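Trainee: I am new to this structure and would like to learn how to read it. Could we go through it together?

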Amino acid sequence: MNRRLFAVVAVLLAAGVGACAESLDGGAGCPRLCPSQTLTVLDTVINPVLQFDSTFSGFPVIGDEQEILLATRGDTLETRGVIRFDTIQTSVTPANDTAQNITHVDSAFLTIVLDTAHARIPNQIRFELYDVDDSVETDTLSPPVNARFSPNRRIGGITIARAFLPETLKVPVSDSAILSKITTRGRLRVGVRVDGSGPAWIRMGSTVGSAGAVLTYRGSLDSTVAPLTNSPLSNFPVGTLEEGVRQGLTNYSIVAKNALPQFSNTMQVGGNPGRRAYLRFNIPSHIVDSSTIVRATLVLTQRPIPYGDLRDTMTIQAQVVLANPQVTDLRRAADIISSPGLDVSDSLLISPRDSGQKTINMFLLLRAWRTQDALLYPPPRAVVLRASPENVLPFEASFFNSTSPVGLRPMMKISYVPTITFGVP
Amino acid sequence: MLSTRRLRRLRFTPFAIAAALCCAGSALGAQGAVSIQGFGYPGGELSTRALGMGGSIADFDANSPINPAALLVGTRATVYLQYDPEFRWVTGSGLNTSTITARFPLFVVSGKVGSNARVSLSYSSFLDRTWTNTYQDTQTVGGLRIPSNVTALSDGGIADIRGAVSWTFSPKLTIGAGLHVFPGENRVVFGRAFPNDTTSFGAFSQTNTFNFSGSAVSFGVIATPLTHLNIAASARLGFSMHVHQGDSTTLGDAKIPNRVSLSAAYDGIGGTILSARYGNEQWSSMRGLGSPGLSIFDANEFSAGLETAGPKLNSIPMAVRLGFRDRTLPFGFGTQQVRETEVNAGLGVPLSQGRAALDLTLAHALRSAGNSGYSETGWIFSLGIAIKPY
């Protein structure tokens with residue numbers, strides 16, 4: 001009898017122990033058997049959503065471009081590149097001999113790396129090289145440097161058919177010009193521009209992107225002496241504090257002409273030099289601070305730029321302004337921004353000629369703003385719209401700004417869950 | 001205030017033995033079920049022994065905090081612990097789901113004071129609103145219908161803590177009175193994620209915590225008007241109860257449900273007790289605690305059972321129990337009240353020469369919500385351990 005009893009007790013205990021491995025989820029019965037299990041998601045449109053906006057020009061700072069845009073678009077846009085060889089080799093050392101000053105130069109050429117993506121290349125494209133050096137250090141100003149792109153300063157060039165355009169191009173340079181520089185100042189500053197049988201733009205590598213140009217020449221009639229190569233280098237302005245500026249001037253882009261129309265009541269993004277739009281938001285605190293944002297979409301209305309091809313596209317990033325309120329210079333604040341993708345993972349891919357509403361998802365940013373209220377100096381609720389990359393494509397977008405009519409100005413569609421009491425059956 | 005969460009920890013502590021058997025100690029239950037609507041499932045505050053007899057002996061059972069007069073039965077100091085896991089299947093309209101829920105619904109300490117008085121302090125689960133749901137459905141956001149994953153979780157419930165005393169006037173008459181407080185805490189979490197597009201739609205989750213409070217008194221009597229025929233009656237008179245959000249905002253006021261029950265037990269057959277019980281609980285007095293749409297009903301209960309001496313273990317007979325219970329549950333599904341019918345069987349195993357007892361009950365419950373098309377089957381395994389040191 002006791003054995004039977006123990007068997008019964010053992011079975012019952014086993015059942016009890018088995019229940020310890022709980023299977024808790026009754027979700028298969030939902031939502032039919034789960035009444036009231038929902039939180040209402042409210043939708044609202046905030047218009048105007050901007051406290052103000054501003055457009056600032058000149059981004060990135062000179063010489064910080066990953067690539068250098070060479071563009072010639074008739075009467076609307078022309079950009080050029082400048083490459084500094086502030087130290088070039090002035091002597092050669094033949095085998096089994098001592099160093100000798102260069103008195104002869106031949107086979108001089110400039111090697112540039114080309115990026116043909118998003119390029120407009122006419123059937124025949126011409127690369128022209130100019131001596132843009134001068135006894136006066138005015139390189140940081142565009143007009144004097146642009147003035148040196150004159151025919152009498154041309155020191156080299158090449159015209160090449162689109163079909164034969166290589167990714168690494170050797171542009172012949174005047175041997176006598178190189179020799180002159182060697183024997184006089186010991187430096188060379190080369191201006192590069194393109195032209196062709198039609199609008200042309202193409203990007204040239206720079207030292208920032210580890211694809212800087214290389215100047216090569218032979219400095220001896222002795223064929224056993226290897227050709228000399230010179231990498232870009234800037235020695236001016238001098239001084240420790242100017243090191244950043246000096247490096248930026250190693251190779252940089254300058255705008256010779258930009259006649260794209262600037263509309264009123266708009267904000268501009270991209271173009272040459274690069275423009276950024278600074279957007280300061282004004283969103284009711286009961287939404288940002290007291291609710292959970294499920295979706296937030298910034299709606300911009302694009303104004304078409306009446307130039308270029310509809311197939312031309314540019315990417316626009318919305319980046320969060322990190323400058324705290326003590327930075328009152330908004331242009332400076334527009335340069336103190338987050339990395340792309342932080343809190344605003346969305347971006348725009350648009351054609352400058354296009355029009356209509358464009359949207360950027362930014363719910364993560366609104367959630368982040370809520371948490372930033374705890375900071376001693378919370379940054380302003382602002383983002384910067386910038387082209388990506390900046391100042392390396394000849395595209396500029398225009399959007400109606402906060403002073404535009406109601407239907408055109410920026411607005412924000414927000415879906416949110418208010419903090420409510422729920423869960424009472 | 002002693003929160004339910006703290007009570008849940010407390011109740012685990014004395015159940016170290018039972019808990020040690022568990023491989024996962026979470027006491028979460030599951031909704032998406034017929035029986036756990038509204039403020040939760042009322043276990044009935046029955047001991048394992050009483051459950052084995054369908055609850056019919058509850059008014060006579062010292063370990064069921066129903067009738068304070070029933071303390072007379074516990075002639076020795078007793079510590080009583082209980083563990084009630086439930087296996088549940090829900091079916092209907094193409095639905096077939098199962099859950100396993102563990103509960104530790106009862107803890108009682110009682111003892112004798114003098115020759116005629118006995119006192120007891122008990123904790124029991126009054127309403128258990130613990131469940132977890134994860135499922136997929138569609139949410140409209142900004143006019144778009146978006147697939148989403150829902151996570152809904154409720155943890156906690158309302159407890160009944162009773163201090164009771166009984167007084168025996170004669171072998172044929174005992175009365176008792178109890179003072180009840182009903183602390184509780186219920187944490188409700190609701191969240192929704194949008195896995196198909198995490199860049200455009202942000203997941204959200206909100207948590208609300210409710211605290212409950214309430215009080216009541218109970219009275220009871222056990223009499224033996226005729227030889228072998230015992231009559232018991234008990235009643236609980238509820239006072240106000242409240243639900244707060246956090247510690248401040250009062251969300252609702254109501255009353256602890258009044259309850260009455262009447263029981264009879266016949267022990268004229270050697271070693272056997274036959275019992276029956278009828279009870280009524282005015283759950284609708286809790287209406288003010290919930291939303292206007294709360295589906296709440298008064299509940300009736302009828303139960304019958306027997307306990308008889310079974311095979312002996314070390315010369316002490318075991319108790320064999322059978323029971324039946326038919327009752328309605330307080331919280332309905334829509335407009336439909338949920339009905340529960342139980343068939344129960346159990347054993348009482350004496351241990352250590354009667355200084356301890358192990359009670360085992362297996363209850364089979366059928367629950368249905370009118371013509372809703374949904375029904376539920378539950379197997380409740382109840383294990384009670386009573387330790388009577390002296």
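**Cavities and rings**

Mentor: Let us start with the second largest cavity, which is lined by 16 residues, with B:Tyr41, B:Gly43, B:Gly44, B:Asp84 and B:Pro105 lying nearest its centre. A cavity is a set of points, on a 1 Å grid over the protein atoms alone, where a 1.4 Å probe fits but cannot get out, and lining residues have an atom within 4 Å of a point. Keep in mind that this is a predicted model, where local features need pLDDT of at least 70 and side-chain atom pairs pLDDT 80 or more, while totals for chains, interfaces and linings use all residues. Residues are numbered from 1 along each chain as written, chains are lettered from A and ligands numbered from 1 in the order written, and side-chain values use heavy atoms, without hydrogens and water.

Trainee: What volume does the second largest cavity have?

Mentor: A volume is the space filled by probe spheres set on the grid points, which are joined across faces, edges and corners. Here the volume is about 180 Å³.

Trainee: Which residues lie nearest the centre of the largest cavity?

Mentor: They are B:Gly44, B:Glu281, B:Trp283, B:Glu301 and B:Arg327, out of 21 lining residues. The largest cavity has a volume of about 230 Å³.

Trainee: How is a pair of aromatic rings described?

Mentor: By the distance of the centres and the angle of the planes. Rings of Phe, Tyr and Trp (its six-membered ring) pair if their centres lie within 6.5 Å; planes under 30 degrees apart are stacked, over 60 edge-to-face, and the rest tilted. The whole structure has 13 aromatic pairs over all chains. One of them is the stacked pair of A:Phe52 and A:Tyr278, with 6.0 Å centre to centre and 15 degrees between the planes. These two residues are 226 apart in the chain.

Trainee: Is A:Tyr278 buried or exposed?

Mentor: Buried means under 20% relative accessible area, exposed over 50%, and partly exposed in between (1.4 Å probe, protein chains only). A:Tyr278 is at 0%, so A:Tyr278 counts as buried, whereas A:Phe52 is partly exposed at 25%.

Trainee: Why is the pair of A:Phe281 and A:Trp369 tilted?

Mentor: Because the planes of the two rings are at 50 degrees, with the centres 5.6 Å apart. Both A:Phe281 and A:Trp369 are buried.

Trainee: Where does the charged end of A:Arg331 sit?

Mentor: A charge sits over a ring if NZ of Lys or CZ of Arg is within 6 Å of the ring centre and within 35 degrees of the ring normal. The charged end of A:Arg331 is over the ring of A:Phe59, 4.1 Å from its centre.

Terms used
On a 1 Å grid over the protein atoms alone, a cavity is a set of points where a 1.4 Å probe fits but cannot get out, and a pocket is an open set with protein on both sides within 12 Å along at least five of seven lines; lining residues have an atom within 4 Å of a point. Helices (H or I, at least four residues) and strands (E, at least two) are DSSP runs, numbered from the N terminus.
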